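Hi,

Here is the structure I promised to pass on. Have a look at it first, then read my notes below.

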Amino acid sequence: MKVLITFSTLVLILLSSCYYDSKEFLYPTLNSACTDTISPVVFEGAIFKILNENCTSCHSGALPKGNILLDTYANVKVQVDNGQLLGSILHTGEYTGTKAMPQGYILSDCSIQSIKIWIGNQSPKN
């Protein structure tokens, strides 16, 4: 009987300790200090708003600067997949071949955090 109780207790402990998912991990939201973005981070909300306000004046239309379009999800996804979007907005020079964007200023920490979260979630179209 002691063996059965010990074994059952051990199994319960092991099973309960194997569950790592948490709401914060599965559905990341922004730091509560970030008030200029939409939470949770979605393309059609926060990301497109950030890009539209900071990027599409130069990166849209028939002759986009640098031949980089950021006016649709498909165009943004190309830049995410090749590392250019994150490399440009970080202004750190960590990514070769990227130019610091937007020129003349750096995006807010909350905007950068939003884009990082979105990219970390495999940049879904939602």
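The crossing of α3 and α6 is left-handed, meaning that the near helix is turned anticlockwise from the far one by less than a right angle. Helices here are DSSP runs of H or I with at least four residues, numbered from the N terminus. Keep in mind that this is a predicted model, where local features need pLDDT of at least 70 and side-chain atom pairs count only at pLDDT 80 or more, while totals for chains, interfaces and linings use all residues. Residues are numbered from 1 along each chain as its sequence is written, and side-chain values use heavy atoms, with hydrogens and water left out.

Back to that pair: F43, I47 and I50 of α3 meet S111, S114, I115 and W118 of α6 (contact is heavy atoms within 4.5 Å).

Of its 19 residues, F43, I47, L51, V76, I115 and W118 touch the most other members. Two or more residues each come from α3, α4 (73-81), α5 and α6.

Then try L85, which sits in helix α5 (residues 84-90). L85 is buried, with a relative accessible area of 5% (buried is under 20%, with a 1.4 Å probe and protein chains only). Outside four places in sequence, its contacts are L51, V76, Q79, V80, I115 and I119.

Cheers

Key: Buried means under 20% relative accessible area, exposed over 50%, partly exposed in between (1.4 Å probe, protein chains only). A nonpolar core is a set of buried Ala, Val, Leu, Ile, Met, Phe, Trp, Tyr and Cys residues joined through side-chain atoms within 4.5 Å.
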